[in-house]
Amino acid sequence: MKTKNIVILTLFAAIAFTSKAQTESTSKFSVEVANGFGFSVVSNEGFPTRLATSRVQLIGSYELSKGLEISTGASLLGLNGNGFDSKGNFNQSRGVVRIPLMLNSTKPLNAKTNLLASGGVFASRILEDTFMYVNSIEEMNPDYLLAGITARLGISYHLYANVAIGVAYSVQQEFISITKVDSNTDVGMGTNSLDLFLKFSL
């Protein structure tokens, strides 16, 4: 709770500070905080399992040229849902961290509104994977890295010269293992989310 309060106070302080600057920022750096909700599909012993997904993301960007940025950061995902495999029905919870590398394109629609499109790759690792059966609990500890592709389409609105809010639809798909995994490991998890974000120009 203390950490949450610090984050909220920091965001309000940043908005209050940047609202005083009504001229357009000349900085090439920006920071984006996003919170998203959606679903992921994973495979358990060949059975597809749909898991509700929440996502928190912190991204830093650098402007390469007008309307084009390169960005990276970190994304934390929490997954939860019900499924079944050869052992019976279960409730599955999974934690995932992803490190993206993206190119972002911006097209102005008017003085304050922009259309956003992003694409890139990411590295991913499962932090924890827990299966709760009727009479047992299994906790998996995977130690492998996965890679995938990511894309995003959205729209943003400038509240102030240095602060923008927006909404975006994101798609992420794992497709290959970076490190060696056993033959039963699922390397094809796909995630879809609707994200709300706040972006600050530094």
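Author: The search counts one cavity of 30 Å³ or more. A cavity here is a set of points on a 1 Å grid over the protein atoms alone where a 1.4 Å probe fits but cannot get out. Grid points are joined across faces, edges and corners, and a volume is the space filled by probe spheres set on the points. The model is predicted, so local features need pLDDT of at least 70 and side-chain atom pairs count only at pLDDT 80 or more, while totals for chains, interfaces and linings use all residues. Residues are numbered from 1 along each chain as its sequence is written, and side-chain values use heavy atoms, with hydrogens and water left out.

The largest cavity has a volume of about 40 Å³. Its lining consists of Arg55, Gln57, Met102, Thr150, Arg152, Ser170, Gln172 and Asp195, lining residues being those with an atom within 4 Å of a point. Strands E2 (47-65), E7 (146-160) and E8 (163-177) each give two or more residues to this lining; strands are DSSP runs (E, at least two residues), numbered from the N terminus. By class, the lining holds one nonpolar, four polar and three charged residues. Asp, Glu, Lys and Arg count as charged, Ala, Val, Leu, Ile, Met, Phe, Trp, Tyr, Cys and Pro as nonpolar, and the others, Gly among them, as polar.

Arg152, one of the lining residues, also lies over the face of Phe197, at 5.2 Å from the ring centre. Such a charge has NZ of Lys or CZ of Arg within 6 Å of the ring centre and within 35 degrees of the ring normal. The charged end of Arg50 likewise sits over a ring, that of Phe39, 3.8 Å from its centre.

Rings of Phe, Tyr and Trp (its six-membered ring) pair if their centres lie within 6.5 Å; planes under 30 degrees apart count as stacked, over 60 as edge-to-face and the rest as tilted. Phe47 and Phe84 have ring centres 4.8 Å apart and planes at 50°, so this pair is tilted. Phe47 is in strand E2 and Phe84 in strand E3 (residues 68-85), 37 residues apart. Phe47, at 31% relative accessibility, is partly exposed, and Phe84, at 44%, is partly exposed too; the class runs between buried (under 20%) and exposed (over 50%), with a 1.4 Å probe and protein chains only.

Terms used. 1 Å grid on protein atoms, 1.4 Å probe; cavity = no way out; pocket = protein on both sides within 12 Å on 5 of 7 lines; lining within 4 Å. Helix = DSSP H or I, 4+ residues; strand = E, 2+ residues; numbered from the N terminus.
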